[in-house]
Amino acid sequence: MLSFLYKDNPFFRLAESFFAGLSLGYYIGIVMNQTLKPNLVLPLIHDFQANWHLVFAAGLGVILYFRYIKRVAWVSRWALAVYVGYYVGVNMMQKLHGEVIPQVGDTMLSLSYHGIGTLWNLVMVIGVLSVLIYFYFSTEHKGVIGGISRIGIWFLMISFGAAFGYTVMGRVSLLIGRMVFLVNEWARPLIGLIT
Amino acid sequence: MKRQIPLLLTFLAGAIPTIAFFVPQKHVGLVSTTLDSWLIIVAGFALLLGVVNVVQMNTNKIKRQASGWPYAIVLLAGLAIMGFFGVAGAFDKFGGIATRPDGSSTPFDWLYKYGFLPLQGTMFALLAFFMASASYRAFRARNTEATILLIAALLVMFGRIPFGEMVSKWFPLATEWIMGKPNMAAQRGIMIGAALGAASMALRVILGIERSYLGLGKGE
Amino acid sequence: MQIDRRIIYLFVAIGTILPIIFVIGLPVSITPPVQMAFDRIENQLQKGDIALVSFDYGPSSAPENAPMADAILRHCFSKGIKVVVIALYPLGGLSEAVNEVNKVVAEFPELKYGVDYVNLGYKDGAQAAMKKMAENIHEVFPTDVNGTPLDELPIMKNIRTYRDMKLVVSLATGIIGEWWANLVNAQFGIPVIVGPTAVSAPKYYAYLEAKQMAGLLGGLKGASEYERLVVNSYPKLAEVYATPGLYTATKGMDVQSIVHLIMIAFIVFGNIVYFTSKRKPRKAS
C-alpha cells in the first residue's frame, strides 16, 4: 500500500482491489449475522404469530432488488419511497428539534456587562449572526450586508483553520497507528532475529 | 398509479415518525416503533444493494475484458472469501463472525484483523503524507482571509501538541479559546443553516414536491 | 522553490518512526471538554450503574478511537460500572467492539460476561435503531453478538430503554456521533459523551456548548488526556499503561508533536519562499 507514495503500481492496485472486495464481503457478513438473522429470520421462525408483520419488512427489502429486473424495476420505487420517506421524516425532526432549537437557544446569550464573559458572548453572537448572514444568498452582499458577511467569512476562516489543524492531527494519528505496527511488530522482531 | 403510490408511501413513511414525535399516544407510538423495527431490516437489505451493484459492474468488466479487468477478479475474490465466511457464520459454522468463547478468532474475524484492518488503516495513513505535501504547496497567505486561516491553523497545530505548552502556557489556552469561541460560533452558524436547509428539503420530499430520488422530474 | 513531494514524505516518515523508537514522554495537559467527560463518569455514575458504549468507528480511524475506547472501558470497569457495548458503524464497528472489549476485559479477570458487561453486536439503520432503543432495546438487539438471547443474560434483565441507563458514550467517526447528541440526547434526555475523530471534533464544540453533550474527547489528544486522567486516579491502570510495547494515545502524542513541527516548518518555509519570490519581480522593475 505504501508503495503508492513513490508511484502508482500494480501491487498497490492489487492491494486496493482486494481491500475493496474484503470490505464488501464484510458488509455481507455483518448484515446477515447481526440484522437479518436475529431481527428477521429467528423471530419469524420462533414466534410467527407475534412477529408476522416483519414479513412486510422483508418484502420491502426484497423489492429493493427488483430494480435489476427490467420488467418489474418500477416496483422497487415503492421500497425506496418507504426507505427515503422514513429517514427524511426522522431527519426533519432531528434537525429542527436537535439542532436548530438548542443551537439558536444557546446563542441567546446575555450581553449585559458581567466581566470578560460579556466580550466572549459578544464574539459568539456576532460570529453566529455574521455566518448566517454570509449564507443568506437571497440578498446581494453589498453595503451593510456585505460588511457583516465579510466578518462572517473571517469567522469561517478561523473555523476552517482550526479544522485544518485538527485534520492534520487526525491524519497523522492514522499514520502513527500503522507505523507503530510496522516498527513494533515487524521491524523490531526482524532486527532481533537478524542480530 | 406508478407515480402516485411511491409518493403516497413517502408521505406516510415520513409523516408517521413526525406525527409520533408530537402525539405521545399509545397507538400512534405503536405504528411508529413498528416502522422503526421494519427500517432496521430494510436498511440491512439496502446496504447489500451496493454489494450487488459492485458485483454486477465488475462481472461486466471481466466479460468485456475492459481496462483493469484482472483487478476486478481480485476484488470479486476478496468479496467471495470474506462473504463466504460471513454467510457461514450466520449458519453457526466456524464459530460465527466474532471471536469464539475461548478467545480465538473465527475465520471472519481473522480476515478482518489481518486483511481488512491493515489494508484500510494503511490506505488512510497515506493521507498524512498527502496532507503534508499539499499544505507545503498550497497553504499561502495570499490575502486577508487566507492569512487568518493560516494563523488559526498554525496556532491550533502548535497549541494542541505538548511542545506548545512547553514554549508558553498561552498556546494551549489560545487553542482552546479558538475552538470554544470563534470556531464554535462559525460551526453553529453552519449547523443552523444546514439544518434549516435539510429540514426544508425533507419537507419537500415528504410532500412530494421533490421527486428526484425516485428518478422522476418535477413535472412527472 | 519546489521541493520534490517524496522529500516531504521522507521527512514525515522519519518524523513518525524516530519518536516511536526513541520514546520522548512529553507531558499532556488536560482541557475542559475531556475533564467534563471524566467527571461525568467519575462523579455522576456509581458502582452498578449502566453505561452504553457504542463503537461507531472502523479501522479508518481506529488509531484515534481505539485508545479512547480502551480508556473509557478501563475507567468504567475500574469503577464497577456495568457496560453494554453496541456497534452502529457498518464498516468495522462490530469487529472493533469485539476486539477492544476482549483486550480490555483480559485486564480485569474478575469481570463476568453477561453480568458485568455484554456485547450486543452491530445493528443496521443507525437512526432507526437509536429511536427503537428508547422503546425496547430487546427488540433492537434480540441476541448478543454471539447469538445468545438477552433473556439469558442477567445484566439485560432490568435494561429495557435508555431510562435504565445512566450514560451513552459514542466513539465515532463521521455522523453517527452527532446523531447520539441531536437525536438521542435531544429526544430522550440521556447524557451523551462523544469521542469523535480529530477531523470531526471542531463541529462537536457547538453541541458541547449547547449542553447536548456531557463531554468531548477530540482525536488522539483527547484520548491521551483521558488516559492521563485515569492513570492519575487509578494506580492499577497506571501499571497497565506502563506496559512496554503497549500503544497508547500518550505515546502517540509524542509522534504527533514531531510531525506537527515538521508540517509547521514546511508551511512556514513555503510562505517565506512565496513572499520572497513575490518581492523579486518588484525589485527587478
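The model is predicted. Helix H3 of chain C comprises the 18 residues 62–79, and at 1.5 Å a residue they should span 26 Å. Of the 18 residues of H3(C), 16 are buried, so the helix is largely enclosed by the rest of the structure. Just after H3(C) comes C:Gly80, with a positive phi of about 80°.

Strand S5 of chain C covers residues 192–196. Five of its five residues are buried, so S5(C) is largely enclosed by the rest of the structure. From this strand, C:Val192, C:Val194 and C:Pro196 point one way, whereas C:Ile193 and C:Gly195 point the other way; all are buried.

S5(C) pairs with strand S4 (residues 167–172) of chain C and also with strand S6 (residues 215–216) of chain C. The table sets out the two pairings.

| Strand pair | Bridges | Direction |
|---|---|---|
| S4(C) and S5(C) | five bridges | parallel |
| S5(C) and S6(C) | two bridges | parallel |

C:Ile193 takes part in both pairings: it is the bridge partner of C:Val169, and it stands opposite C:Gly215 in S6(C). Helices accompany these strands. S4(C), H7(C) and S5(C) form a right-handed β-α-β unit, and S5(C), H8(C) and S6(C) form a right-handed β-α-β unit as well.

**Contact between chains C and A**

Chain C gives 44 residues to its contact with chain A, and chain A gives 40 residues. Several elements of chain C each supply at least two residues of the side that touches chain A, among them H3, strand S3 (117–122), helix H7 (176–188), helix H8 (201–209) and helix H11 (249–284). H3(C), described above as largely enclosed, is thus named again here as a contributor to this side of chain C. By class, this side of chain C holds 24 nonpolar, 13 polar and seven charged residues.

**Contact between chains A and B**

The contact between chains A and B takes 91 residues from chain A and 98 residues from chain B. On the side of chain A that touches chain B, helix H1 (10–46), helix H3 (54–63), helix H4 (76–107), helix H5 (116–134) and helix H6 (143–194) of chain A each supply at least two residues. H1(A) gives the most to this side, with 24 residues. The residues of this side of chain A divide into 64 nonpolar, 20 polar and seven charged.

Terms used. Residues are numbered from 1 along each chain as its sequence is written. Chains are lettered from A and ligands numbered from 1 in the order in which they are written. This is a predicted model: local features need pLDDT of at least 70, side-chain atom pairs count only at pLDDT 80 or more; totals for chains, interfaces and linings use all residues. Helices (H or I, at least four residues) and strands (E, at least two) are DSSP runs, numbered from the N terminus. The expected span of a helix is 1.5 Å times one less than its number of residues. A residue is buried if 20 or more other C-beta atoms lie within 10 Å of its own, exposed if 12 or fewer, and partly exposed in between; C-beta atoms are placed from the backbone. Two residues are in contact if their C-beta atoms, placed from the backbone, lie within 7 Å. Ala, Val, Leu, Ile, Met, Phe, Trp, Tyr, Cys and Pro count as nonpolar, Asp, Glu, Lys and Arg as charged, and the others, Gly among them, as polar. Two strands pair if DSSP finds at least two bridges between them. A crossover is right-handed if, with the strands pointing away from the viewer, the path from the first strand over the helix to the second runs clockwise.
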